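Let's take a walk through this protein together, starting with the whole thing and then zooming in on two residues. Keep the picture open as you read.

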Amino acid sequence: MSKDSPSPTPGFLVWRLANKWRVAVDRAVAPLGLTHAQYSLVASLYGMQRTGERPSQRRLADHTGLEALYVSKLARALETGGLIERTRDPRDPRAVQLALTEQGEDVTRRALAVVQELLQQLVEPLGGLDAPRTRAFSAELTTLLDVPLAPAVPTAETRETTP
């Protein structure tokens with residue numbers, strides 16, 4: 001971004017940071033056979049399993065913010081790669097539960113270490129992972145993530161001004 005250009009909007013900055021992070025994680029986890037989206041799934045699943053949870057695909061979709069259909073697609077690919085198991089939920093035959101395999105746990109632990117190093121690099125200008133500025137930044141991001149967003153419904157007035 002040029003210093004001479006007008007101030008970027010918060011939306012533009014969020015988009016740039018999200019893309020920068022996605023590309024960095026994609027590159028970092030590629031040697032482990034993962035994409036950023038797959039990493040997000042296995043890392044979340046790893047954390048949930050550590051608390052004793054065996055989440056459904058729907059629960060994992062809600063947790064990650066990914067669409068349920070996309071989680072299903074990712075889960076099938078990860079299952080084919082031997083990293084997760086997909087089983088029917090005995091309480092709800094329509095639901096599919098996910099669990100990391102032994103190989104999946106190993107790959108996920110290694111990916112977590114790699115991404116943790118990236119995260120250290122990202123927040124170093126704020127003082128590091130435990131710094132007050134990083135905690136404040138995380139709190140602000142959480143606030144923004146809690147805001148429900150929906151496209152505005154066009155009105156007669158906006159339809160008239162739109163080319």
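**From the whole fold to two residues**

Of the 163 residues in the protein, 28% are buried, where buried means under 20% relative accessible area, exposed means over 50%, and partly exposed is in between (1.4 Å probe, protein chains only). Before going on, note that this is a predicted model, where local features need pLDDT of at least 70, side-chain atom pairs count only at pLDDT 80 or more, and totals for chains, interfaces and linings use all residues. Residues are numbered from 1 along each chain as its sequence is written, and side-chain values use heavy atoms, with hydrogens and water left out.

How confident was the predictor? Its score is pLDDT, the confidence in each residue from 0 to 100. The average for the protein is 91, and 93% of the residues score at least 70. Among the elements, helix H5 (residues 102–123) has the highest mean pLDDT, 97, while helix H7 (residues 156–161) has the lowest, 64. Where pLDDT is low, the predicted coordinates should not be read in detail.

Now for the layout. You'll find seven helices and two strands; these are DSSP runs numbered from the N terminus, with helices being H or I of at least four residues and strands being E of at least two. Follow the sequence and the pattern reads α-α-α-α-β-β-α-α-α. The protein is more spread out than a compact globule, because its radius of gyration is 19 Å, well over the 15 Å that the globule rule gives for 163 residues. That radius is taken over C-alpha atoms, and the rule is 2.2 Å times the number of residues to the power 0.38. Along the principal axes, the C-alpha atoms fill a box of roughly 50 × 45 × 30 Å.

Time to zoom in on Val29, which sits in helix H1 (residues 10–29). Val29 counts as buried because its relative accessible area is 0%. Which residues does Val29 touch, leaving aside neighbours within four places in sequence? They are Leu34, Thr35, His36, Tyr39, Ala111 and Val115, with contact meaning heavy atoms within 4.5 Å. Take Tyr39: Val29 and Tyr39 are 10 residues apart in sequence, and their C-alpha atoms are 7.4 Å apart in space.

Our other stop is Gln97, in strand S2 (residues 92–100). Gln97 is buried too, because its relative accessibility is 8%. Setting aside neighbours within four places in sequence, its contacts include Arg54, Pro55, Ser56 and Glu85.

Note on methods
pLDDT is the predictor's confidence in each residue, from 0 to 100.
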